[in-house]
Amino acid sequence: APCVLCERAPSDRVLFPCDHRCICEACAVKHHIAPFRSGPAPDGTPPWHACPLCMEEIALVLGDAAGAELDHYWHWLHLSRPRLPHGFLTRWRRARPASRATSLLDDGGHDARCCCCCCCIS
């Protein structure tokens with residue numbers, strides 16, 4: 001797919017966490033598209049911290065990695081350990097018991113919304 005900014009070059013940069021491959025290398029440099037913690041470009045241009053498709057804040061920009069971008073992202077996430085939004089853990093801990101109390105069980109007695117089968121391990 002072509003770059004959404006110049007509409008000419010193939011898009012070869014993947015933005016995370018939204019996972020959009022939507023810009024080319026030249027536009028990433030020209031418009032200084034960078035993660036939200038990066039500083040200005042050498043010429044003083046402020047960085048562009050949002051995905052041009054969904055406007056989600058960019059945490060990481062990866063070049064074409066032949067389909068291994070998600071592996072690179074998870075490795076980066078494991079190493080960087082980004083901070084959770086303020087109050088996230090408190091809200092998550094409150095919501096967890098409520099979701100377990102109202103969970104639906106499938107025919108095998110497993111939680112139908114469970115994605116990791118931790119409810120099945122005894």
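Leaving aside neighbours within four places in sequence, with which residues is Ala28 in contact? Ala28 is in contact with Arg13, Ile23 and Ile33, where contact means heavy atoms within 4.5 Å. The legends below place these residues in their surroundings.

The structure is a predicted model, in which local features need pLDDT of at least 70 and side-chain atom pairs count only at pLDDT 80 or more, while totals for chains, interfaces and linings use all residues. Residues are numbered from 1 along each chain as its sequence is written, and side-chain values use heavy atoms, with hydrogens and water left out.

**Figure 1. Overview of the protein.** The protein contains three helices and three strands. Helices (H or I, at least four residues) and strands (E, at least two) are DSSP runs, numbered from the N terminus. Read from the N terminus, the order of the elements is β-β-α-β-α-α. The protein has 122 residues, of which 22% count as buried. Buried means under 20% relative accessible area, exposed means over 50%, and partly exposed lies in between (1.4 Å probe, protein chains only). The accessible surface comes to about 8900 Å², and carbon and sulfur atoms account for 57% of this surface. These areas come from the Shrake-Rupley method with a 1.4 Å probe; for residues, only the protein chains shown count as cover. Among contacts between residues at least 6 apart in sequence, 37% join residues at least 24 apart.

**Figure 2. The three-stranded sheet.** The strands form an open sheet in the order β2-β1-β3, with antiparallel pairing. Strands β2 (20-23) and β3 (60-62) are the edge strands, each of which pairs on one side only. From one strand to the next, the twist averages 35°. For such angles, axes are lines fitted to C-alpha atoms, for helices over the stretch in contact, and the angles run from 0 to 180 degrees between N-to-C directions. Strand β1 (residues 13-16) pairs with β2 in the antiparallel sense over three bridges; two strands pair if DSSP finds at least two bridges between them. Within this pairing, Arg13 stands opposite Ile23, and Val14 has Arg21 as its bridge partner.

**Figure 3. The hairpin loop between β1 and β2.** Three residues lie between the two strands of this hairpin. A cis peptide bond, with omega about 15°, joins Phe16 and Pro17. Pro17 is placed in the loop between β1 and β2, and Asp19 also has its place in that loop. Although Asp19 is not a glycine, its phi is positive, at about 65°. Is Asp19 buried or partly exposed? Asp19 is partly exposed, because its relative accessible area is 38%.

**Figure 4. The loop between α1 and β3.** Met55 lies in the loop between α1 (25-30) and β3. Met55 has a positive phi of about 65° although it is not a glycine. Its relative accessibility is 55%, so Met55 counts as exposed. His32 is also placed in the loop between α1 and β3. With a relative accessibility of 17%, His32 counts as buried. Leaving aside neighbours within four places in sequence, the contacts of His32 include Cys27, Gly39, Pro40, Thr45 and Trp48.

**Figure 5. The nonpolar cores.** In soluble globular proteins, nonpolar side chains tend to be buried together. A nonpolar core is a set of buried Ala, Val, Leu, Ile, Met, Phe, Trp, Tyr and Cys residues joined through side-chain atoms within 4.5 Å. The largest nonpolar core here has twelve residues, among them Cys3, Leu15, Ile23, Ala28, Ile33 and Ile58. The elements that give two or more residues to this core are β2 and α1. Apart from this core lies another, of five residues, including Val14, Phe16, Leu60 and Tyr73.

Figure 6. Side chains of opposite charge can pair when their charged atoms come close. A salt bridge is a side-chain nitrogen of Lys or Arg within 4 Å of a carboxyl oxygen of Asp or Glu. How many salt bridges does a search of the whole structure find? The search finds two. Asp12 forms a salt bridge with Arg13, with the closest N and O atoms 3.8 Å apart. The side chains of Arg13 and Glu25 also meet in a salt bridge (3.5 Å, N to O). This pair links distant parts of the chain, as Arg13 is in strand β1 and Glu25 is in helix α1, twelve residues apart. Arg13 counts as buried, at 16% relative accessibility, whereas Glu25 counts as partly exposed, at 44%.
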